[in-house]
Number of protein chains: 2
Amino acid sequence: MKFQVKFLPDNKTIEVEKGKSILAAAISAGVHINSSCGGDGVCGRCKIIVRRGIVVSQPTGRISLEERRQGYCLACLTSAESDLEIEIPAESRLDLSKISDEEAFLSRLKGVYEESAEIDKADFVSGEEAFSHSPLATKIFLEIPEPNLEDKISDLERVYREIRKRQDIPVMQMGLTNVRKLGKLLRSSDWKVTVTLGKRNDTVEVVLIEPSDTSDKNYGFAFDIGTTTISGQLVDLNTKKILGTKATFNKQANFGADIITRIIFAQKEEGLERLHHAVIDGMNSMIQDLVIENNVDLNNVTCCLCAGNTTMIHLLLRVDPTFIRREPYVPTANFVPVIRASEAGIKINPRGLLACVPGVSSYVGGDLSAGILASGISEAEDLSILIDVGTNGEIVLGNKEWLISCAASAGPAFEGSGVVCGMRATSGAIQKLSIEPKNLGVSYSTIGNSKPLGICGSGYIDILSEILKAKIIDKNGKINTDIKDKRIRKGEFGNEFVLVDKKDTAHGQDIVITEMDIDNLKRAKAAIFAATESLLKHLNLNFNQVKKFYIAGGFGTYLNIDNSISIGLLPDLPRDKFIFIGNSSLAGAREILLSADAYHKANEIAKKTTYFELSVEPGYMEEYVAALFFPHTDKERFPSLKI
Amino acid sequence: MKFQVKFLPDNKTIEVEKGKSILAAAISAGVHINSSCGGDGVCGRCKIIVRRGIVVSQPTGRISLEERRQGYCLACLTSAESDLEIEIPAESRLDLSKISDEEAFLSRLKGVYEESAEIDKADFVSGEEAFSHSPLATKIFLEIPEPNLEDKISDLERVYREIRKRQDIPVMQMGLTNVRKLGKLLRSSDWKVTVTLGKRNDTVEVVLIEPSDTSDKNYGFAFDIGTTTISGQLVDLNTKKILGTKATFNKQANFGADIITRIIFAQKEEGLERLHHAVIDGMNSMIQDLVIENNVDLNNVTCCLCAGNTTMIHLLLRVDPTFIRREPYVPTANFVPVIRASEAGIKINPRGLLACVPGVSSYVGGDLSAGILASGISEAEDLSILIDVGTNGEIVLGNKEWLISCAASAGPAFEGSGVVCGMRATSGAIQKLSIEPKNLGVSYSTIGNSKPLGICGSGYIDILSEILKAKIIDKNGKINTDIKDKRIRKGEFGNEFVLVDKKDTAHGQDIVITEMDIDNLKRAKAAIFAATESLLKHLNLNFNQVKKFYIAGGFGTYLNIDNSISIGLLPDLPRDKFIFIGNSSLAGAREILLSADAYHKANEIAKKTTYFELSVEPGYMEEYVAALFFPHTDKERFPSLKI
């Protein structure tokens with residue numbers, strides 16, 4: 001049976017199944033009601049007033065007798081027995097989880113800021129069916145035989161029995177909230193219910209029980225939580241289809257550009273709280289956008305799988321990251337327990353689950369574990385390298401026998417942050433570019449073929465390579481101001497080269513690259529190259545012994561390998577050794593979201609991978625300084641460039 | 001390090017370990033602070049004001065910036081860094097869990113009411129060491145090796161590793177609350193912590209982490225929650241010693257004397273809520289009394305194990321019992337998940353666990369499973385019967401191959417309720433009595449040898465048998481008013497026999513037995529006898545085939561078997577077949593509290609025991625009516641009585 005529930009003052013009406021809670025109905029209708037306990041009837045924040053209609057409401061001490069007389073109920077414990085008019089009082093509308101907009105006053109990083117935006121094929125690790133289809137949360141529709149005098153097992157065991165007819169689950173759990181509503185729910189839904197089973201720390205929990213068949217509507221989110229960029233993906237857990245992908249800058253950047261400054265900020269008063277809210281606010285708005293665009297009911301989003309570096313995961317969970325940067329650099333957790341997403345403030349179904357990809361150490365996180373999983377290097381006989389180009393650049397070397405990793409603070413330049421005209425790899429970003437050396441004419445293409453708005457990481461690689469070839473810059477990265485061309489000029493941030501004139505851009509501003517940008521990019525590529533070199537040296541290996549070379553990062557769909565080599569980001573190896581795999585962290589997170597086997601494998605990877613601390617390696621600084629040239633101080637290392 | 005924390009306005013001071021939460025300190029000091037989420041920082045109800053001293057406080061959205069400036073914190077997220085003065089504001093002192101005293105207006109059952117009172121050896125099933133010592137919650141003191149550059153696993157895995165050095169635990173869980181405080185706690189306590197491990201639905205949870213070594217202080221409660229009587233026992237989980245036992249009337253009796261009337265009451269507005277609070281209030285005051293008497297810190301009470309009939313367990317957990325009395329009589333759960341005790345409102349350590357002994361069916365609950373476990377009949381080759389004499393009398397017949405059970409509504413007379421001078425088997429209760437037939441002189445003994453206050457179940461059995469022998473009553477239970485004796489008179493409730501004159505009683509009132517009492521007792525014994533007979537008949541068995549006959553119930557330490565036979569409560573069998581085992585439900589609950597093996601066995605028992613529905617058995621009513629005589633309509637069944 002279904003009823004019409006109208007929410008006031010929003011004046012939104014939604015059709016609701018008998019037995020569904022008013023809180024769930026409000027979530028479906030996109031009406032905000034406070035709730036901090038995940039609908040368990042504990043926090044008492046989801047007070048509503050029933051203005052018209054009949055409800056059934058579970059008893060609670062959170063509503064006084066006086067309030068009850070005025071029609072107050074808790075939305076999570078109340079369901080419709082007729083059409084309803086529900087008023088949401090002011091105190092239930094104020095969103096306590098949002099922090100003040102003080103950060104708006106804080107200096108913003110220079111760069112083109114957009115709201116979270118759709119990206120095409122942000123990750124595209126080859127879709128081999130390596131893992132079984134067994135998502136973090138699954139829905140099963142149960143038509144339960146009604147009890148009779150011959151078959152009198154209790155409601156709870158009856159539900160368990162029905163589940164076990166379909167799946168062999170030895171350890172099953174159900175929270176008291178679900179037990180409390182079970183009797184009425186089963187009978188009012190005519191013994192036809194959908195259960196959501198969640199994998200929770202090696203046990204299976206009955207996360208949700210809903211009336212009727214909603215098993216065809218089960219969605220999850222995969223997230224890559226980077227220091228600079230957060231990418232999220234809405235996935236149909238039944239079909240494994242990606243419904244949409246978005247990325248947004250991590251608003252934590254307002255409090256510090258890199259991991260270390262954020263850990264320091266976390267120690268200030270309210271620092272941890274603000275960093276926590278900055279990341280979950282970004283995730284929540286991405287979730288909101290994607291469910292609305294795809295017409296998905298938020299109640300049917302039952303789980304979230306997050307990959308991120310160790311600090312990002314601590315901040316996501318509001319766990320103090322202090323000890324990550326204190327010797328001996330030990331995080332609170334690399335293997336984080338599966339929790340309810342609402343415990344971390346993530347707004348999906350209030351009882352939905354949140355899992356994190358296990359990390360290796362304080363500076364090599366679950367994002368790399370996910371990347372290793374997605375690239376498959378942990379399964380290969382041959383020696384491979386994976387470089388994940390991010391603000392915290394992470395590198396892993398190994399094969400199916402062993403894996404060793406390190407991290408280098410590269411800065412956010414290749415993510416389009418901290419560079420004057422930088423932007424993420426999204427619509428309007430220049431991703432390919434070439435320069436005619438004779439007249440310095442610039443040809444480019446943008447993502448989505450729209451008017452240019454800025455430059456993303458892969459665009460910068462092409463630009464650097466091209467201005468180097470055209471001798472617009474020297475090997476040090478300085479712009480040759482002897483060249484008399486209107487494209488070369490002095491700008492607000494020093495010498496710059498104009499790539500696109502304002503008349504041709506989407507926002508009516510020149511798109512340029514400055515000497516400062518070039519310097520930032522140079523440092524980033526040097527950090528990554530030197531780290532890779534040092535890791536190999538540490539093991540008495542060299543680049544030639546590496547059979548496959550995977551490059552990952554938020555570059556969008558395109559990365560020019562030749563250009564990456566010619567600027568010295570990648571080593572000078574036969575080009576067919578290189579495989580660009582996009583956002584491997586997000587791809588790995590999605591695989592884990594969709595498969596318990598992949599989750600298991602990620603655990604093994606995180607346990608197996610050793611960590612090599614670069615900062616205590618004597619040769620690293622030398623390697624880094626030597627790499628602060630285009631392509632490198634030591635020409636011999638780049639023989640094919642013939643420079 | 002330790003600090004002095006003073007609570008205002010209580011003006012109580014307590015010494016607190018560094019790292020221990022203020023909420024825990026308040027609990028230790030016996031100072032009440034509201035909290036409904038178990039100290040997870042979710043409910044925001046435990047607000048305190050720091051008046052003097054330094055604290056560290058985890059961030060929370062439950063405290064506004066304005067409040068923070070005024071010194072407000074959440075007690076559960078705050079710990080001392082110096083001596084403190086803490087004010088508990090009015091809003092945090094109001095105990096929302098207590099319902100109004102409206103029930104005081106409701107008619108109280110006639111009977112002698114006491115507050116929960118100490119009882120001697122309330123259960124005394126022989127203390128064979130049948131089960132391993134592995135309590136529901138165990139404490140382990142860990143001296144954790146500090147991390148260094150060679151040993152850098154995270155805090156969480158470090159704790160797990162240390163636990164696994166001592167115990168092989170494959171599946172371990174830890175909630176986010178504990179993860180969040182882990183980093184600081186480990187370091188501020190110099191890597192010396194005590195973890196409490198709880199068995200939770202086939203997994204092991206790290207329930208608590210505390211600074212320093214508290215492993216020698218670990219306590220639990222075993223409860224028998226009866227329709228009329230609640231018995232509780234404080235147990236030292238390390239030594240298995242019973243520190244104290246108390247019993248109290250179940251205040252739910254104010255809302256109905258038996259299961260059926262309570263289920264009906266639960267359907268009224270606030271009915272379920274009031275029944276729930278009636279039982280937990282009783283349990284909580286028993287807990288309070290026992291921890292104070294034994295000088296036990298409530299924080300060190302880490303678990304609770306409850307046995308009760310199915311309706312009592314539903315009401316304890318605030319689960320709607322409606323469907324228990326609707327055909328086909330199916331409860332919501334027989335096998336109840338282990339939950340946090342605070343979820344049910346039980347006030348022990350806010351993160352402590354609550355487990356319930358699994359039940360068989362709607363009318364045969366975990367109290368009988370516990371009794372079967374304690375009596376050992378499920379392990380015996382020979383056929384045995386266990387009769388648990390309670391308001392809901394439960395009977396089980398079987399051996400190690402099979403078990404069959406039934407239930408009979410006997411009423412509360414043998415628990416000393418619903419009878420004019422009835423009381424529980426506690427100090428002042430007449431438990432033995434004899435009458436000199438010639439002069440009707442009464443000799444008696446009371447529990448504790450104190451002045452008599454009333455009559456308990458075993459006393460009533462003796463009285464009935466003696467007044468029958470002295471022909472003060474006939475076989476129907478009517479008082480022979482032809483006897484001219486001042487002890488036989490007409491009273492407020494009809495004809496009565498005076499047992500003790502008011503000048504000899506503790507409360508200065510005559511202690512009498514009335515015809516109405518006799519009628520209630522007759523119905524009770526008839527229900528139990530008829531149920532036992534019907535169960536045997538149903539299986540084509542007779543009493544002679546039963547090798548052992550266990551009698552359980554809240555009779556205190558004494559039950560006269562001969563007298564029980566002569567009034568027709570028990571069948572006329574060789575006396576050496578009978579074994580009185582006291583409160584077998586409480587004894588079984590304690591065994592399960594102390595042993596995972598016993599818990600496992602109780603699960604097997606509940607699964608294996610079949611349920612026989614008496615109400616649909618054609619012969620039962622006939623048997624019942626035939627048993628409404630002393631000892632029975634059919635004399636042939638009691639040959640040894642020579643009547």
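A residue counts as buried when its relative accessible area is under 20%, and in this predicted model Asn309(B) falls in that class because its relative accessibility is 2%. Asn309(B) is placed in the loop that lies between strand 16 (301-308) and helix 8 (310-316) of chain B. When neighbours within four places in sequence are left aside, the residues in contact with Asn309(B) are Ile225(B), Thr227(B), Ile259(B), Gly365(B), Asp367(B), Asn392(B) and Glu394(B).

In chain A, strand 21, which spans residues 403-409, is mostly covered, with 6 of its 7 residues buried. Strand 21 of chain A is joined by 7 bridges to strand 20 (residues 392-398) of chain A, and the two run antiparallel. These two strands of chain A form a hairpin, with 4 residues between strand 20 and strand 21; within this pairing, Gly393(A) has Ala408(A) of strand 21 as its bridge partner. Strand 21 of chain A is also joined to strand 30 (residues 609-611) of chain A, in this case by 3 bridges and in a parallel arrangement, where Ile404(A) is partnered by Thr610(A) of strand 30.

The two chains also meet each other. The contact between them draws 62 residues from chain B and 62 residues from chain A, and together the chains bury about 5,300 Å², of which 56% is on carbon and sulfur atoms. On the side of chain B, the residues that lose the most area to chain A are Leu176(B), Arg180(B) and Arg318(B), which together account for 12% of what that side buries.

Between chain B and chain A, 20 residue pairs are in polar contact, counting pairs with both residues at pLDDT 80 or more, and the rule finds 4 salt bridges across the interface. In one salt bridge, Lys184(B) is paired with Asp320(A), and the closest N and O atoms are 2.9 Å apart. The elements of chain B that give two or more residues to the side touching chain A are helix 2 (65-69), helix 4 (155-166), strand 10 (172-174), helix 5 (176-188) and helix 7 (271-293). Of these, helix 5 of chain B gives the most, with 7 residues. By residue class, the side of chain B that touches chain A divides into 29 nonpolar, 13 polar and 20 charged residues.

Methods: Residues numbered from 1 in each chain as written. Chains lettered and ligands numbered in written order. Predicted model: local features only at pLDDT ≥ 70, side-chain atom pairs only at ≥ 80, totals over all residues. Heavy atoms only, no water. Buried < 20%, exposed > 50% of the residue type's maximum accessible area, 1.4 Å probe, protein only. Pairing = 2+ DSSP bridges. Contact = heavy atoms within 4.5 Å. Buried area = accessible area lost by both parts, 1.4 Å probe. Salt bridge = Lys/Arg side-chain N within 4 Å of Asp/Glu carboxyl O. Polar contact = N/O pair within 3.5 Å; in protein donor to acceptor, adjacent residues only side chain to side chain. Nonpolar A, V, L, I, M, F, W, Y, C, P; charged D, E, K, R; others polar.
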